[in-house]
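Visitor: I have just opened this model and would like to learn how to read it. Could you walk me through some of its features?

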Amino acid sequence: MKKFVLLLAVLAYSFNGIAQEKGEINWMTIEEAVAAQEKEPRKIMMDMYTTWCGPCKMLDKNTFQNKDVATYVNENYYAVKFNAEGGETINFKDKEYGNPAYNASKKGRNSQHQFAQHLRVQAYPTIVFLDEKAELLAPVTGYHAPNQLEIFLKLFATDKHKDVTTKEQWEAYQKDFNAEFKVE
């Protein structure tokens with residue numbers, strides 16, 4: 001019996017250690033994020049994904065579960081996860097967005113949600129950054145590993161995007177940027 005209890009304790013400790021290595025982003029809806037901005041202004045980072053998208057799944061597994069990414073996002077942003085081909089109706093800035101051509105029985109690709117169109121999403125995954133008033137800053141398209149996403153997270157969180165207005169400034173910013181996120 002003592003061996004069994006010891007084994008359970010070791011397993012519990014091991015699983016707890018594994019869970020701590022992975023990060024967990026506090027996801028919310030766009031309505032919840034906009035409401036939270038009224039109480040405490042922060043930018044919004046929105047993951048626009050689809051259920052069939054392989055790079056979207058990689059972003060979830062490899063990047064959004066990274067401890068450094070999750071910690072930084074939770075401290076600096078309201079994080080929204082949104083199915084860009086889903087069927088839900090949302091309200092954003094006094095306007096209702098839906099997906100009138102959505103087909104729930106369809107497997108794979110579906111029609112694009114009106115909200116994704118509004119935010120100029122043209123590929124998946126796209127991470128959309130919004131300012132403290134939920135105004136569009138930029139969509140960032142494609143899969144990004146933790147250290148690749150870090151440059152965008154910090155660019156917008158620190159308002160450096162306001163100083164980087166030319167291609168040359170962006171290249172200099174990238175060259176001078178020191179990534180700190182650990183890749184697990």
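Visitor: Is arginine 120 buried or exposed?

Guide: This is a predicted model, and in it arginine 120 has a relative accessibility of 53%. Exposed means over 50%, so arginine 120 counts as exposed. You will find arginine 120 in the loop between α5 and β6.

Visitor: What is the phi of arginine 120?

Guide: Here is the general idea to start from: most residues other than glycine have a negative phi. Now for this case: the phi of arginine 120 is near 65 degrees, a positive value in a residue that is not glycine.

Visitor: Which value does phi take at alanine 134?

Guide: Phi is positive there too, at about 60 degrees, although alanine 134 is not a glycine. Alanine 134 sits in the loop between β6 and β7, the latter spanning residues 136-141. With a relative accessibility of 5%, alanine 134 counts as buried, whereas arginine 120 counts as exposed.

Visitor: What kind of peptide bond leads from tyrosine 124 to proline 125?

Guide: The general idea first: most peptide bonds are trans. The bond from tyrosine 124 to proline 125 is cis, with omega near -5 degrees. Proline 125 belongs to the loop between α5 (114-118) and β6 (126-130), and arginine 120 is found in the loop between these two elements as well.

Visitor: How do I read the surroundings of a residue, say histidine 113? Which residues is it in contact with, leaving aside neighbours within four places in sequence?

Guide: Look for partners that come from elsewhere in the sequence. For histidine 113 they include Phe82, Ala84, Glu88, Ile90 and Tyr97. Histidine 113 lies in the loop between β5 (95-97) and α5. Its relative accessibility is 0%, so histidine 113 counts as buried.

Visitor: Let us turn to a pair of helices. At what angle do the axes of α6 and α7 cross?

Guide: The axes of α6 (residues 146-157) and α7 (residues 167-176) cross at roughly 115 degrees and come within 11 Å. The crossing is right-handed. On the α6 side, Ile151, Phe152, Lys154 and Leu155 take part, meeting Trp170, Tyr173 and Gln174 of α7. Sorted by class, this contact has five nonpolar residues, one polar and one charged.

Visitor: How many helices and strands does the chain have?

Guide: There are seven helices and seven strands. Follow them along the sequence and you get the pattern α-β-α-β-α-α-β-β-β-α-β-β-α-α. Of the 184 residues in the chain, 40% count as buried.

Visitor: One last thing: what is the mean pLDDT of the chain?

Guide: The mean is 89, and 88% of the residues reach 70 or more. Over residues 1-20, though, the pLDDT is below 50, and this stretch has one contact in the model beyond near neighbours in sequence.

Conventions: Residues numbered from 1 in each chain as written. Predicted model: local features only at pLDDT ≥ 70, side-chain atom pairs only at ≥ 80, totals over all residues. Heavy atoms only, no water. Axes fitted to C-alpha atoms, helices over the stretch in contact; angles between N-to-C directions. Helix = DSSP H or I, 4+ residues; strand = E, 2+ residues; numbered from the N terminus. Left-handed = near helix turned anticlockwise from the far one by under 90°. Contact = heavy atoms within 4.5 Å. Nonpolar A, V, L, I, M, F, W, Y, C, P; charged D, E, K, R; others polar. Buried < 20%, exposed > 50% of the residue type's maximum accessible area, 1.4 Å probe, protein only. pLDDT = per-residue confidence, 0-100.
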